[in-house]
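Open your viewer and load the model. This tour tells you what to select next and what is there.

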Amino acid sequence: MWQPTISAQFLKKLPGPIFRWLAQRWVSYEWPRHLFIELTSRCQLACEHCPRPLVSRDLPFEIFKKIVEEASLFGHRSFSLHLFGEPLLYPRIDDCIEYIKRRGHAVILTTNGLLLEKHVEALKKVDKIIWSYKEKITIPEEIRKWRNFTVRFFGEVRGKWKHSEVRSLHNYGGQVSGVPFTGKARYPCYHLWLAPAVTATGEIVICCADPKVTTSVGNVATMTIAEAWKKMQATRDEHLKGIYSGICKNCNVWATYPSLF
């Protein structure tokens, strides 16, 4: 099948019918287009709506390399080096960024901003850095102006920023209370077709919104991402039939992305 060389960011800007037509042809059933890799579950902050498990784990660097090498068998891919931990706390974060870029892939990184100045040279190579906004943290003026630096607000934009985006809080599979549920009509979730995740313990989960690892289909120590991706087909089939069970039942993460179908 023809696979256009495009990005998810580009696709989202297109009119609905064109977006859906291209997105369905962009999906790869051999290996996901994008993969979240939680390098560490550690973090220095305790944000109100973060469901981060209170377990401090780092993904072994050799496992990280194994994932990237497997991806390289399937062409250009992109990686988010975060889930619930702060990626800049990972001891070899600079090596991880370099390793991915050397293999010809893209890197996205969401950070709390506390350690940006310690990793300036490595971060210049990252395709997109997202700072989850916290008012009491100051971002150096040099970094604020980087082409690849985006500040993410939950609510309305505050102040003047070169690049910014606004997101709604989501409920992480219904596991965070106090987050209003969307009024949209339910549709299949983007993550099942484009972006699963690997936790710091090596568990392969169906999306990035599973803090309690309830959707694991295997572990990267004994299973390839390609094998796990095929196992997720059963959940995709359920979504296409309008069946949303388990963690998907009360989740509102799907509403933060446009429908592929």
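A residue is buried when its relative accessible area is under 20%, exposed when it is over 50%, and partly exposed in between. Keep those cut-offs at hand. One more point before you start: this is a predicted model.

**The whole chain**

Show the chain as a cartoon. Now look at the overall dimensions. The C-alpha atoms fill a box of roughly 50 × 40 × 35 Å along the principal axes. The chain has a radius of gyration of 18 Å, which agrees with the value near 18 Å for a compact globule of 261 residues.

The accessible area is about 12800 Å², and carbon and sulfur atoms account for 54% of that. Of the 261 residues, 51% count as buried. Contacts reach along the sequence too. Take those between residues at least 6 apart: 61% of them join residues at least 24 apart.

Colour by charge next. There are 37 positive and 24 negative side chains. The centres of the two sets lie 5 Å apart.

**Stop one: V213**

Select V213. It sits in the loop between β8 (203-205) and β9 (218-219). Is V213 buried, partly exposed or exposed? Its relative accessibility is 29%, so V213 counts as partly exposed. Check the backbone as well. Phi of V213 is positive, about 55 degrees, although the residue is not a glycine. Most residues other than glycine have a negative phi.

**Stop two: Y172**

Go to Y172, in the loop between β6 (164-167) and α7 (191-194). Here phi is near 50 degrees, again a positive value in a residue other than glycine. Y172 has 18% relative accessibility and therefore counts as buried.

**Stop three: L88**

Select L88. Look for it in the loop between β2 (78-80) and α4 (93-102). Its relative accessibility is 3%, so L88 counts as buried. What is L88 in contact with, leaving aside neighbours within four places in sequence? Show I93, L109, T111, L115, L116, H119 and L123. Then draw a distance from L88 to S132. The two are 44 residues apart in sequence, and their C-alpha atoms are 13 Å apart in space.

**Stop four: S78**

Move to S78, in strand β2. At 17% relative accessibility, S78 counts as buried. Set aside residues up to four places away in sequence, and S78 touches R33, H34, L35 and A106.

**Last stop: the cysteines**

How many disulfides does a search of the whole structure find? It finds zero. A disulfide needs two cysteine sulfur atoms within 2.5 Å. Start with C207. The closest cysteine sulfur to its own is in C208, 5.4 Å away, which is too far for a bond. Now try C251. Its closest cysteine sulfur is in C207, at 6.0 Å, so this pair is also too far apart for a bond.

Check the cover on both. C207 counts as buried, with 12% relative accessibility. C251 is buried too, with a relative accessible area of 8%.

Notes: Residues are numbered from 1 along each chain as its sequence is written. This is a predicted model: local features need pLDDT of at least 70, side-chain atom pairs count only at pLDDT 80 or more; totals for chains, interfaces and linings use all residues. Side-chain values use heavy atoms; hydrogens and water are left out. Buried means under 20% relative accessible area, exposed over 50%, partly exposed in between (1.4 Å probe, protein chains only). The radius of gyration is taken over C-alpha atoms; the globule rule is 2.2 Å times the number of residues to the power 0.38. Contact means heavy atoms within 4.5 Å. Accessible areas come from the Shrake-Rupley method with a 1.4 Å probe; for residues, only the protein chains shown count as cover. Lys and Arg count as positive and Asp and Glu as negative; His and the chain ends are not counted. The place of a charge is taken as NZ of Lys, CZ of Arg, CG of Asp or CD of Glu. Helices (H or I, at least four residues) and strands (E, at least two) are DSSP runs, numbered from the N terminus.
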